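Reader: I am new to this structure and would like to learn how its features are read, one after another.

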Amino acid sequence: MSSLNLTLRVWRQKGANGEGKFVDYQLSDVSTDSSFLEMMDLLNNQLESKGEEPVAFDHDCREGICGACSMFINGQPHGPERGTTACQLHMRSFQDGDTIVIEPWRARPFPVIKDLVVDRSAFDRIIAAGGYVSAKTGSAPDANAIPIPKPDADEAMDAATCIGCGACVAACKNASAMLFVSAKVSQFALLPQGRVERAARVRNMVEKMDAEGFGNCTNTGACEAECPKEISLANIARLNREWLRSNFVLG
Amino acid sequence: MVLDSKAPQGAIEKSWDEHRFNLKLVNPANKRKYTVIVVGTGLAGASAAATLAELGYHVKSFCIQDSPRRAHSIAAQGGVNAAKNYPNDGDSVHRLFYDTVKGGDYRAREANVYRLAQVSNNIIDQCVAQGVPFAREYSGMLANRSFGGAQVSRTFYAKGQTGQQLLLGAYSALMRQVHEGRVELYPRTEMLDVVVEDGKARGIVTRNVVTGKIESHAGHAVCLATGGYSNVFFLSTNAMACNVTAAYRAYKRGAYFANPCYTQIHPTCIPVAGEHQSKLTLMSESLRNDGRVWVPKEIGDQRHPSSIPESERDYYLERRYPSFGNLVPRDVASRAAKAACDEGRGVGASGLAVYLDFADAIKRDSRAAIEARYGNLFHMYAKITGEDPYSTPMRIFPAPHYTMGGLWVDYNLQSTIPGLFVLGEANFSDHGANRLGASALMQGLADGYFVIPYTIGPYLDGLARENDMAINPNGSAFKTSEQEATARINKMLNINGSQTVDDFHKKLGRIMWDNCGMSRNAEGLKKAIDTIPKLREEFWNDVSVTGTPGEFNQVLERAGRVADFLEFGELMCRDALTREESCGGHFREEHQTEENEARRDDENFTHAAAWEYKGDDNEPTRHKEALEFKYVKLTQRSYK
């Protein structure tokens, strides 16, 4: 194990309406075994010891599955490693003497709450608009009543691994939420249980996505490149197909 | 107070059906008149909120995360048990019931466990109907795998992300009800108190963590689904925000806390790497299906694992437990790992680790097959340790993971405060002294989807019959709770001490791990009971809580939770000290067999211990609920 001396350039912003700015901090003796968030803990512990306010950031499970962490690190959502959330990024990816720039997600539908914390409740509202199968508790047939081809189930699972972190939006020059929406639409479009409501689902989710102020997709592919769960761009193609299809079904 | 479990008498196979028939129903047109508060949006909370709303109740749902989808159930990896017997390998409701009671070392309530086994099958049906993409065979049928403590294959899974998929299913059902207007959602909201009026739970006091506003919410009933308290150890596999506050505040308002010393130390976690460590990461128990656990035979053997020949390795689980082998229950596997390390045969830089080796499985089934089963776990391991588990054995060590103890509830999931119901990990009822793998997801969803929707009915119906329907968030009990919560916050902010909240949390964690961890003895527990109050006093005199109350203030949030852990830890030690036996995850060094297995004392301890709060300056009172075993015979648990 070795250790690093770093300069952190961190976005500090008091509240939603406050003006933000970058503040530089020097941090020494950072273990290369520590995670990026543990490095932030070290900084915050030092600030708190001095009675200064620590840097606010969202985090919870620290194993890459809850989707809470949301840092833009050196110009990339979740930092430099592919398929990795900030909490799973380890300091061995950095060099001694590095300057690391840390910002919140920047997208109009994700307003800053404080420092690196943003409000992603727009994603919840998109799910509420249709991201479900309307199966009331107790109404289900036996689980093996409808066989599902393994490739379909596997593909649905790949789409369903989305953690809702918002990196796709943060990476996109249009702040588009198409990868997020398409992952949910795909999961259900691939499964027989989801097909009953597919037309209304895609229509309602896309309308909500637009209403929340997310931009459109221009096939840049930054979302796929930055997605910590490596959700495929093919889902956006499927979303477009589902949306077109809904026009024939719903008129 | 006599603890009446309200468990139905009569044949256990019929008792849930008969109980349901006897429960008073609430007329569909009347359900909308009731407001039910559900705190927590994990598997238990989200499934309860969604299902109660589907039935027509008005539901208010609270969580501390920014979205209900991020509750810690999301991180559960391995799977969910059900007695479907799809593999035709001899499973049945009775066998799942039997395995769970035995796995819990005969310290769970039989009737609850039987019901859990019965509804397990409905859970799988429900989740598939919601579009949960469980793993499947090429036939299109659902796949199963094995977990510890069972000799049948009854675990349903979605890669190593089963908790995520089940939670997203429950979350989507919840969001559907939000869309329908039947659930009001309160994310980024922390519960600070339960409000009890005229002996009934009438609502909660919360803090909006974005604005800092203290608010009262009134309801006809309150359901706590606020998870477990493993973070009392500081280092655990729980998410950073997991805490005991909601349950502990309920305890201080009169809900009994049962078996707080029953904690599960999970055998397969990534070992501690250094002082910077903020949490520990679990490697799913499912890995023990294919991984073989070993340490070098020689003490202090520092060679690289690949240089240690087969004949110089000790596959100690296979040696000690030939019939269950690597799939012994968690408590047994954890103690065996500790024993190997205590002997000086641990591996890695700290000597506090054992190997979990996949070389044989890769040789047998191919690397691709192993990758398909555990790809995301291997990926996670490689990220954290910088080592490749396909070529070098994983290093693992036990870590706090789950808490079987929790608020005492009766068969209807009602606590000792009328109108306060407790669901999922937050209650104590189904796992006894040790939980089997893949049973937490089962219990959370059973409570939320299939138990509380029925068992809350009679209480609510009773309110109407007693003409007691008025709820008022401006009542005096709410005002008192609000004032107390505000005063506590202001007190913490005005200390301006020199130590951080984490400094105190780490100190407490060390005390708990050393004295109330994987093995316990009277001397250590007494020392902890003596030390914790001193640490608590130090906290209230020297903690540094920065910022102000009326803003987004993560230090303040953590300070409140650590303050409660500093009281709760003492209760845990007290419970561990008074339970003069070993059972499941509770291992008292004074009570072990010659082969170092847990030795129960059935004559004196076949009961659940439920603690009653008696004021800050008084010792709590220990009550007993006797456990009767009519269907499972108590024996020395053997996995040989």
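Predicted model: local features only at pLDDT ≥ 70, side-chain atom pairs only at ≥ 80, totals over all residues.

Reader: How many helices and strands are in chain B?

Author: Chain B has 18 helices and 19 strands, where helices (H or I, at least four residues) and strands (E, at least two) are DSSP runs numbered from the N terminus. Its C-alpha atoms fill a box of roughly 75 × 60 × 50 Å along the principal axes. Of the 640 residues of chain B, 61% count as buried, that is, with 20 or more other C-beta atoms within 10 Å of their own, whereas 12 or fewer make a residue exposed and values in between partly exposed, the C-beta atoms being placed from the backbone.

Reader: How is a sheet read, and in which order do the four strands of the open sheet in chain B stand?

Author: Strands of a sheet pair through backbone hydrogen bonds, either parallel or antiparallel. Here the order is E16-E10-E18-E19 in chain B, with antiparallel pairing; two strands pair if DSSP finds at least two bridges between them. Strands E16 (406-407) and E19 (621-626) of chain B stand at the edges with a single partner strand each, so one side of each is left without a neighbour in the sheet.

Reader: Which residues stand opposite one another in this sheet?

Author: Strand E18 (residues 607-612) of chain B pairs with E19(B) over six bridges in the antiparallel sense; B:Trp611 stands opposite B:Arg622 in E19(B), and B:Ala610 has B:His623 of E19(B) as its bridge partner. E10(B) and E18(B), which run antiparallel, are joined by two bridges, and B:Phe257 has B:Trp611 in E18(B) as its bridge partner.

Reader: How is a pair of packed helices described, and at what angle do the axes of H15(B) and H16(B) cross?

Author: Two packed helices are described by the angle between their axes and the distance between the axes. The axes of helix H15 (residues 501-516) and helix H16 (residues 522-542) of chain B come within 10 Å and cross at roughly 175°; axes are lines fitted to C-alpha atoms, for helices over the stretch in contact, and angles run from 0 to 180 degrees between N-to-C directions. H15(B) and H16(B) are therefore roughly antiparallel to each other, a label for angles over 145 degrees, with under 35 counting as roughly parallel, 65 to 115 as roughly perpendicular and the rest as oblique.

Reader: Where do A:Asp115 and A:Glu230 lie, and are they buried or partly exposed?

Author: A:Asp115, with a positive phi of about 45° although it is not a glycine, lies in the loop between strands E6 (112-114) and E7 (117-118) of chain A, and A:Asp115 is buried, with 25 other C-beta atoms within 10 Å. A:Glu230, also not a glycine, has a positive phi of about 50°; A:Glu230 is in the loop between helices H8 (222-226) and H9 (234-250) of chain A and is partly exposed, with 13 other C-beta atoms within 10 Å.

Key: Residues numbered from 1 in each chain as written. Chains lettered and ligands numbered in written order.
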